[in-house]
Amino acid sequence: TYIVEETVGQYLSNISLQGKAFVSGLLIGQCSSQKDYVILATRTPPKEEQDESSKHSKAKLDNLDEEWATEHANQVSRMLPGGLLVLGVFIITTLEMGNEFQNILHRLVFAVEKSMNKKRLWNFTDEEVSERVTLHFCSSTKKIFCRTYDIHNPKSSAKPADWKYQNGLSASWLSLECTVYINIHVPLSTTSVSYTLEKNTKNGLIHWAKQIENSIYLINGQVKDEDCDLLEGQLLNSDHRSTATVQICSGSVNLKGAVKCRAYIHSNKPKVKDAVQAMKRDILNTVADRCEILFEDLILNEIPEKKLYKATTCFLTRKDSEKEFHILPHRVFVPIPGSTVMLCDYKFGDESAEEIRDHFIEMLDQMIQIEDLEIAEEINTACVSSSMNTEASLDNTDDEPPKQPIKTTIVLKIQQNIGVAKVV
């Protein structure tokens, strides 16, 4: 069963095809064991060339651009705080449901999920809902055809699902907030020159993600049993040991600063484990997304990361260590009109509030006011540094890691990283 905010139904009904054969888009919300909640729908913006061609002839349904749709999903997923996901896809046509539509939706929902999953630092648990929704809306008859697919099985057949509207759904959410102070040290191995900066950084973040997953989280100042209700619980103690390797490096990447994190949980009897999981994923997502955006920005500014990587390794021939500093984008929270839930975007220092507003409108098709933007005051610096005889400790986590000169292995008792989550 999908419980859907009534404004989503109004949004789908108001979309005009304007001579096009179809309009497709994304459905956003939260999964739970009994019900999934859909609080937002957003159509995929047309490509400029597609927009021009549609004025002269109808685009055929089989021309649906999966690559463009998955890129939109990747952009939107960056804008979702912890607890919210792209739950599936929709398509609007003037004709009722047919096999052709269902086949296209099947391909699209799996392509979207596969693309987003590549970028995540975390994995879904076995207990989580593995179904994703496809929705066909007929603009002429207003009929809805709702189906689900098991994303773990690409050959799975469609199952019917209930699509029920509810007024005020967007107001029934608990907000969790915390600030995490990060200081992530990523070594650049002397034997991995062929690895790009982005790949090395991603490897370091995968290692750091394991620490975040194993950390203790306080809910309003208390550590609680994961199976108890969010507002009740008892104190726990935990001990954790980690093995670290020491390796010779050509340089390192340092990620340092205060990260503002936020997650949302539907207020229908939430458990502590659900809240903690949502917050963990927001921490991991926002740090990984900022790094990805930074590397994209470097490439757009004609600083290819391979060139940047080679520049850092050649510093080994110099006497003094050299560093390059790059400011990671700041997080900006944006309220969904008529909802207590806030989504987010990212801005560099030289970007204007108008640019953030325009990007929000383009990606989520929602009108917002500039004065509603909530800019989190963060100082996040990515420091690319290199020096001779640099040593750093890190478990290599790449799927196909290069052979690295390990000098010694030691066992360290690691102090737990603690994230304090405030329930609002």
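A charge sits over a ring if NZ of Lys or CZ of Arg is within 6 Å of the ring centre and within 35 degrees of the ring normal. The model is predicted, so local features need pLDDT of at least 70 and side-chain atom pairs count only at pLDDT 80 or more, while totals for chains, interfaces and linings use all residues. Residues are numbered from 1 along each chain as its sequence is written, and side-chain values use heavy atoms, with hydrogens and water left out.

**Exercise 1.** Find the ring over which the charged end of Arg262 sits.

Solution. The ring belongs to Phe333, and the charged end of Arg262 is 4.0 Å from its centre. In a further case, Arg132 lies over the face of Phe124, at 5.3 Å from the ring centre.

**Exercise 2.** Classify the pair of Tyr2 and Trp163 as stacked, tilted or edge-to-face.

Solution. Rings of Phe, Tyr and Trp (its six-membered ring) pair if their centres lie within 6.5 Å, and planes under 30 degrees apart count as stacked, over 60 as edge-to-face and the rest as tilted. Here the centres are 6.3 Å apart and the planes stand at 35°, so the pair of Tyr2 and Trp163 is tilted. Finally, ring pairs link Tyr2, Trp163 and Tyr165 into a cluster.

**Exercise 3.** Decide whether Tyr2 is buried or exposed.

Solution. Buried means under 20% relative accessible area, exposed over 50%, and partly exposed in between (1.4 Å probe, protein chains only). Tyr2, at 3% relative accessibility, therefore counts as buried, and Trp163, at 12%, counts as buried too.
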